[in-house]
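Subject: Structure for you to look at

Hello,

Here is the structure I promised to pass on. Please open it next to this email and follow along.

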Amino acid sequence: MSGKLSDYLLYQVEDLWQGYLEHPFIIGMATGELEERKFSYYLLQDYLYLKEYIKVFAVTLSKADDFSEIKFLLDSMNDIFEETFRVHVPYMKRLGISEEEIQSVQPHPSNINYTNDMLLAAQSGDVLDGLVAILSCSWSYAYIARETLKIYPTAMQDERYGEWFEGYYCSEYQLGNEELIQHINQLAQGITAEKRERLATIFTNCSQHEMNFWDMAWQQG
Ligand SMILES: Cc1ncc(CO)c(N)n1
C-alpha cells in the first residue's frame, strides 16, 4: 500500500466528520447554549461507553504477541481509565448527578450498538483491526475539539462546557491521539488492498456510530 493508512481513512469520512462540526449538540456546547440536561445525559452515557471502550483495548491486547505492543495497549487502557475517574466522575458530581443515577443508568441502544461493533471488530480481527476500531473515537474527539475551537475560540472559557473542550484540546490528549495514529500507520505498512478495505469499513462504521452517539445525546437528553 502506498501512502499513509490514516490519510486513506480520513478521506473516507470527510463528509461525515464535517457533520460533527455542524451538529447542534457540538455547536450548543461551543456557544454554551446547550441545555444542561442534554449534557448530563451525554456524560452518563459516555461513562458507560468508556467502561466498554476499555474492554476493546483488553481484547486487542489479547491478540498482541510482543511486549512493546502490550505496553502500548496497557498505557492506553490506563489513560482511558484515568480519564473516566479524573474527568467524567467529578464532572457528573459537579452537574449534580447523584450517585444513584450513576449506578442505575442503562446504556441506550445507540451506545450498545457502538461498543458491540468495536468489540466484534477487535475479537474477530488482529491488533490492527482492534486499533482502528479504537481510532475513530480518539481521533474524532481530538478533531472536534481542535476544529470547533477555531470557529468558537471562547468555547474553552464556558463555565459548564469549557472543560469538555479543554480535556480534548489539551496537548496530552492531542499527542496521545497522534501517537495512536503513528502506531497504526507503522503497523499498516505493507498491508494488502483487501486488508485496507476491511480497516476502512471498520473506521467508517465506527465514525457513523460516533454520529449516532451525538444524535442520541441530542434527542434523548
Ligand atoms: C462516544 C465517545 N467517543 C469518543 C470519546 C473520546 O474518548 C469518548 N469519550 N466518547
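Start at Met-29. Setting aside residues within four places in sequence, Met-29 is in contact with Leu-34, Phe-39, Tyr-161, Trp-164, Phe-165 and Trp-214. Keep in mind that this is a predicted model.

The largest nonpolar core has 77 residues. Met-29 is one of those that touch the most other members, along with Phe-39, Tyr-42, Tyr-53, Val-132, Trp-164 and Trp-214. Which helix gives the most residues to this core? Helix H7, residues 127-151, does, with 15 residues. As background, nonpolar side chains tend to be buried together in soluble globular proteins.

Next, go to Ala-155. You will find Ala-155 in the loop between H7 and helix H8, which covers 162-169. Is Ala-155 buried or exposed? Its relative accessible area is 0%, so Ala-155 is buried, as the cut-off for that is under 20%. Now look at what surrounds Ala-155. Not counting residues up to four places away in sequence, Ala-155 touches Ala-30, Leu-149, Tyr-161, Gly-162 and Phe-165. Tyr-161 and Phe-165 are also on the contact list of Met-29. Ala-155 and Gly-28 are 127 residues apart along the chain. Their C-alpha atoms are separated by 9.9 Å.

Now zoom out. How many helices and strands does the chain have? The count is 10 helices and 0 strands. Read from the N terminus, the elements are α-α-α-α-α-α-α-α-α-α. The radius of gyration is 17 Å, close to the 17 Å from the globule rule for 221 residues, so the chain is as compact as a globular protein of that length. The C-alpha trace spans about 50 × 35 × 30 Å along its principal axes.

Some totals for the chain follow. Of the 221 residues, 52% are buried. Take the contacts with a separation of 6 or more: 84% of them join residues 24 or more positions apart. The chain exposes about 10,700 Å², and carbon and sulfur atoms supply 52% of that area.

Last, the record. An unreviewed UniProt entry lists residues 12-219 as "domain: Thiaminase-2/PQQC". In the model, that span is 83% helix and 0% strand.

Best wishes

Notes: Residues numbered from 1 in each chain as written. Predicted model: local features only at pLDDT ≥ 70, side-chain atom pairs only at ≥ 80, totals over all residues. Heavy atoms only, no water. Core = buried A, V, L, I, M, F, W, Y, C linked by side-chain atoms within 4.5 Å. Buried < 20%, exposed > 50% of the residue type's maximum accessible area, 1.4 Å probe, protein only. Helix = DSSP H or I, 4+ residues; strand = E, 2+ residues; numbered from the N terminus. Contact = heavy atoms within 4.5 Å. UniProt positions renumbered as here; feature names shortened; annotations may be inferred. Rg over C-alpha atoms; globule rule 2.2 N^0.38 Å. Areas by Shrake-Rupley, 256 points an atom, 1.4 Å probe, with all protein chains shown as cover.
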